[in-house]
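Try each task before you read its solution.

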Amino acid sequence: MAVDLAVGIGALRLANPLIAASGCFGYGTEYGDVIDLSSLGAVAVKGLFLTEREGHPPPRIVETPAGMLNAIGLQGIGVHRFIAEKMPELRARGAVVIVNICGTTIQEYVELARILSDVEGVAALELNISCPNIKEGGITFGCSVHGTADVVRSVRAATRLPIIPKLTPNVTDISSIARAAEEAGADAVSLVNTFLAMAIDVETRRPRLSNIVGGLSGPAIRPIAVRMVYECRHAVRIPIIGMGGIQTAADVLEFMIAGASAVQVGTANFSDPMIWPKLVDGLRAYLERHNLRTIAELTGTIDTSAREKEWISS
Amino acid sequence: MPLDVAAEVLFNTHLSGDYNVLGLAAPEIAASAGPGQFVMLKSGNRLEPLLRRPFSVFETLEADGTTTGLSILNKRIGPSTTLLFEARPGDRVQCLGPLGRPFVPVAPPDEAWLIAGGVGLAPFAMLAERLRARGTAVRLYYGARRASELFFLDAFEQLGVRLILTTEDGSRGLHGRVTAPLERDLGDRAEPVRAMLYACGPEPMLAAVARLAAAHGRQSQVSVERVMGCGLGGCYSCVIPLKATGRGAHYVRSCIAGPVFRGDEIEWR
C-alpha cells in the first residue's frame with residue numbers, strides 16, 4: 001500500500017511533516033552535502049535580524065541529562081546577506097524554506113516580512129517571539145497575549161506569506177498565547193522553543209554558560225512539549241507545528257497524535273545529521289502497520305475516552 | 001563530503017590509565033581524511049551523553065595495501081571519553097567525517113616545527129608522515145605532564161622526526177613547558193628562518209605559540225578545540241573570535257572555518 005506523508009500547514013503543502021528546526025540547522029546550506037534538503041518537509045533557517053549579529057561569547061552550549069542548554073545569542077548574517085548568499089543554493093537544492101525572523105521592535109518584524117515577501121523560494125515566515133537568550137525584543141512579545149497579537153497583526157498586514165509564530169513555553173498558559181496568535185491572523189503556530197534553564201559548575205561555582213542562563217532542548221523536554229501541543233490543540237483551529245526532543249519516528253507520531261500537523265527536529269540533528277531518512281522510514285512503517293493511507297489523518301487523534309481530563313478548557 | 005558510519009571497533013590499545021588508541025573500521029572516511037581533520041564520535045545510542053565529540057584523525061589504518069580504517073588518540077576526561085576508553089573490539093561507534101579544514105603542509109626548503117601539548121599530539125602522526133613524504137625536515141616539540149605520558153616517540157623517530165621533549169615534572173626531557181625550548185630555538189640565529197609552526201594542545205599553549213611565531217617572524221597554524229555540538233556548522237557553539245578590522249573580533253565556527261587557523265588571525269584572549 002502506498003502511504004502518503006504529505007501534510008498541509010494552511011496553504012503550505014509539505015512532502016512530509018519533518019521540518020529542520022530553526023537554530024539547529026544553520027542556514028540549511030551547511031547540510032547540503034550531507035543530506036538531500038529536498039527530502040525534508042521544510043527547512044526552518046537560523047533566526048535572522050535585519051543586520052548581522054555576533055551572538056554571545058562561548059561557552060554557548062552545555063550538555064545536561066538527556067538534553068542540552070544553549071545560549072548562542074542569535075549570531076547571524078542578517079537578512080540581506082542571507083538572501084544574497086544562501087537563498088540561491090537553497091533554491092537550487094529544492095529546499096522548502098521557512099525563514100525565521102527576529103526583531104527588537106515590531107517595525108523590524110514588519111520590515112523583515114516585507115523584504116522576504118519578494119524573495120523567490122521563501123515558503124513561509126516563522127516569527128521568533130520566543131528566544132530566551134536575548135533581552136531585547138523577541139521573547140518580550142511572546143510572553144504576553146497582547147505582545148503576541150501586536151507582532152502577528154502587524155506582520156499579517158505586511159505579507160501574504162504564511163506566518164507561523166514560534167511560541168515560548170516559558171509562560172503560564174501557552175494556549176492563551178496560541179489563541180491570541182490565531183485571532184491576530186497567524187496561519188499556524190510552532191511550539192515549543194527552549195525552556196529557560198541553567199547549569200552550574202559546583203567546583204568553581206561558575207555558570208556553565210557565558211550567558212549564565214540558556215534554553216533547554218532535547219529529549220528531557222519532550223513530555224512537556226507534547227502536553228503543550230495537546231493543550232493548544234484544544235485552544236486553536238490553525239495547524240500546530242510541534243517540537244521538543246524528537247529523536248525517533250515514534251516521537252514524531254506522539255506529537256502528531258497530540259495535535260500537531262507537522263513537527264520540527266532540532267537537537268537530534270546535532271547528534272545524528274542523517275536522522276531524516278530514518279524518520280521517514282519509521283513513519284511509513286507505522287502507517288503500513290496501522291493500515292493508514294495518510295499521515296495527515298493522525299493529527300489530534302489521541303483517544304482520551306477512557307480518562308477525560310476536565311482541566312483542559314476549550 | 002562527510003560520511004556517517006557505525007564503525008566497528010577494531011582494537012583498543014590502552015597507553016596508560018587515561019590514554020588509549022581506538023581503531024575504527026571507517027575506511028572511506030580514513031581514505032579521504034587529511035592531517036588535522038576530525039571525526040565526530042558517539043559511543044552507543046544513549047541519551048547521556050547526548051552529543052558527539054570531536055577527535056582528530058590520528059592514523060589511517062592499512063592492511064595489505066588497502067585502507068581499513070582510522071584511529072583516534074583519546075584521553076579519558078569525561079563521560080564520552082570514558083566510553084571510548086572502555087570500548088571493546090566489536091563494539092560500534094558512530095563516526096562522522098572527515099570534517100574541518102586540514103593543516104596545510106609546507107615543502108622544502110621550509111622546515112616544519114610541530115608543537116604538541118598532551119593529547120594534542122593527535123593530528124601530528126599523519127601530518128609528520130605527509131611532511132616527511134615531501135622530504136620536509138620535521139621536528140616535534142612535545143610536552144606532557146610526565147614521562148609516562150609521552151607516547152609514540154619511536155614512531156616519530158622512525159619517520160625521521162627530531163624530538164624535543166618536555167615534562168611538567170621533569171621526569172623526561174626538559175623540565176617545564178613545551179613553549180620554553182620553542183622560544184629558545186626561535187631566538188637562535190643559527191636556526192632556519194623558513195619554518196612553519198604547527199600547534200595542537202591547550203588553548204593557552206596555542207596562544208603562546210602564535211605570539212612567539214609572530215615575534216620571531218615565523219608563520220603558524222594552530223588546531224583549536226572548542227565545545228562543539230554538531231561538527232557541521234549547524235549549531236554555532238564552537239565559535240572562536242578572529243580579528244576583524246574595524247569591529248574588534250568576529251566569531252567564526254571552528255568546525256567548518258577550522259579547526260586549523262593561522263595563528264595570527266585568531267583574537268587571543
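**Exercise 1.** How are H6(A) and H7(A) oriented relative to each other: roughly parallel or roughly antiparallel?

*Solution.* Before we start, some housekeeping: this is a predicted model, in which local features need pLDDT of at least 70 and side-chain atom pairs count only at pLDDT 80 or more, while totals for chains, interfaces and linings use all residues. Residues are numbered from 1 along each chain as its sequence is written, with chains lettered from A and ligands numbered from 1 in the order in which they are written.

Step 1: find the helices. H6 covers residues 222-233 of chain A and H7 covers residues 249-258. Helices here are DSSP runs of H or I with at least four residues, strands are runs of E with at least two, and both are numbered from the N terminus.

Step 2: get the geometry. The two pack at an angle of about 25°, their axes 8 Å apart. Axes are lines fitted to C-alpha atoms, for helices over the stretch in contact, and angles run from 0 to 180 degrees between N-to-C directions.

Step 3: classify. Angles under 35 degrees count as roughly parallel, over 145 as roughly antiparallel, 65 to 115 as roughly perpendicular, and the rest as oblique. H6(A) and H7(A) are therefore roughly parallel.

Step 4: list who touches whom. A:Arg222, A:Val226, A:Val229, A:Tyr230 and A:Arg233 of H6(A) meet A:Asp251, A:Glu254, A:Phe255 and A:Ala258 of H7(A). Contact means that C-beta atoms, placed from the backbone, lie within 7 Å. By type, that's five nonpolar, no polar and four charged residues. The nonpolar set is Ala, Val, Leu, Ile, Met, Phe, Trp, Tyr, Cys and Pro; Asp, Glu, Lys and Arg are charged; the others, Gly among them, are polar.

**Exercise 2.** Work out which residues of H7(A) are buried, and what covers them.

*Solution.* Step 1: set the cut-offs. A residue is buried if 20 or more other C-beta atoms lie within 10 Å of its own, exposed if 12 or fewer, and partly exposed in between, with C-beta atoms placed from the backbone.

Step 1: go along the helix. The buried ones are A:Asp251, A:Val252, A:Leu253, A:Glu254, A:Phe255, A:Met256 and A:Ala258, so H7(A) is mostly covered, with seven of its ten residues buried.

Step 2: look at the cover. It includes H6, strand S15 (240-243), S16 and helix H9 (275-289) of chain A.

Step 3: zoom in on one residue of S16. A:Val263 sits in this strand (residues 262-265) and counts as buried because it has 28 C-beta neighbours inside 10 Å. Beyond four places in sequence, its contacts include A:Val252, A:Phe255 and A:Met256.

Step 4: check what follows the helix. A:Gly259 comes after H7(A), and its phi is positive, near 140°.

**Exercise 3.** How many residues does each chain give to the contact between chain A and chain B?

*Solution.* Step 1: count. Chain A gives 28 residues and chain B gives 24.

Step 1: sort by type. The side of chain A that touches chain B divides into 15 nonpolar, eight polar and five charged residues.

Note on methods. Contact = placed C-beta atoms within 7 Å.
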